[in-house]
Amino acid sequence: MNENESMFQPELGNFATDDTNAVVVPSAVESSYNPVPDTEQIPCYTFSCGDCHTVYSTIQEASGNICVFCGGKNVQKIESSDFQSYLVVPFTQTLEDAISEYKKKLRLNPFEPFSFVKKSTIAQMKKIYIPCMLYDFNVAGSVVFLAADKASKVPNAPMQKFESLYTTNFDYSNLLMSQYSKIGDSYLSTLNEYTFSDLTDLKLEQIGDSYLISGDADLEQMLESAREKVGKHSVHIVRENIPHELKKLQNNNTVTSNLSIRKVFVPMYYINLKHKGKAHIFLMNGQNGKSIIDLPMSGASIFVFSVFVFVVIFLLVSLIAYFI
Ligand SMILES: [Zn+2]
């Protein structure tokens, strides 16, 4: 199981082999959309960047004049209250935690550009909330596999193929997907493991000096790809648990029902790092402190890496030559 799959684990208790050919018809669950009712009007200023097209909101008007994502000054104030319908995972990591994590990340990479360690760069560390969708799904129904085993007790006997029917009833909870394309699911899956036990309504005091980023992804498309993801994953789980050597999917009669959708802001610390006209980013999960930095490969690091690869290949070839 790879890292992406571990972010949503179904409960396996209801997974069963069915030899009676009884087809289980899943009860259709109406998909529901549960935006949080507007309890409190939050006065925010919303800006749109003309360079990177990021839309973001802040309660401090003056801090909105520079784009939170790209640092550009080509920004315009616009009207928006989209952020009001989001729940929030609160920050538990402090700005000091984020700065020390950033410095630690740089220490492990001795080839980083000098500008990355400058005080003025570190001073740009920002608290941002990334807009996400949090889905709960149920995948239920039957799956038919054609199975066979290579080894036969009778020598030279033709391989026996047989149909195997399985019923599934998997619950997937808290599948998190990013709604902001510039900090998308690949970043999110690296930094994930957010817990959602302390979700709260968006409150003014939680925003503080942070920025609320607006989503730019199509919600219908996101729901469709989330649905596809859990559908494929449940078939994958069934396949993994079939105790035969060869297995081929014959029929998939499962229904993926969407149990709930919540709009959630997840907390992150962020620095927009520029080097030779290229953008690089540092991101830290504001809840658990996991971080990621995308550093440019400098000429020196590429040289060291090449030498390393050469030495490894040389040693391998020497070893093989020695034993032949
Ligand atoms: Zn921008």
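1. Confidence first: in the protein chain, strand 1 (residues 16-17) has the lowest mean, 40, and strand 9 (residues 211-213) the highest, at 96. The score is pLDDT, the predictor's confidence in each residue, from 0 to 100. Residues 1-38 sit below 50, yet this stretch has 50 contacts in the model beyond near neighbours in sequence; a contact here is two C-beta atoms, placed from the backbone, within 7 Å. The chain's mean pLDDT is 83, with 82% of its residues at 70 or more.

2. Some ground rules. This is a predicted model, where local features need pLDDT of at least 70 and side-chain atom pairs count only at pLDDT 80 or more, while totals for chains, interfaces and linings use all residues. Numbering runs from 1 along each chain as its sequence is written.

3. On the overall make-up, the protein chain has six helices and twelve strands; these are DSSP runs numbered from the N terminus (helices: H or I, at least four residues; strands: E, at least two). Of the chain's 324 residues, 28% are buried. Buried means 20 or more other C-beta atoms within 10 Å of the residue's own, exposed means 12 or fewer, and partly exposed is in between, with C-beta atoms placed from the backbone. Among contacts with a separation of 6 or more, 76% join residues 24 or more positions apart.

4. Helix 5 (residues 219-240) is worth a look. Its 22 residues reach 31 Å from first C-alpha to last, close to the 32 Å expected at 1.5 Å a residue (that is, 1.5 Å times one less than the number of residues). A226, K229, V230, H233, S234, I237 and V238 are buried. Seen down the axis, the buried residues of helix 5 fall within an arc of 165°, so they line one face; the arc is taken over directions from the helix axis to the C-beta atoms. Their cover includes strand 6 (126-148), strand 7 (161-178) and strand 10 (246-275). E220, Q221, E224, E228 and H236, on the other side, are exposed.

5. Now the cores, meaning sets of buried Ala, Val, Leu, Ile, Met, Phe, Trp, Tyr and Cys residues joined through C-beta atoms within 7 Å. The largest has 53 residues, of which I130, L212, F265 and V266 touch the most other members. A second, separate core of five residues includes V143, F145, Y166 and I237.

6. Finally, T46 in strand 2 (residues 45-49). T46 counts as partly exposed because it has 19 C-beta neighbours inside 10 Å. Its C-alpha is 5.8 Å from that of K77, 31 residues apart along the chain.
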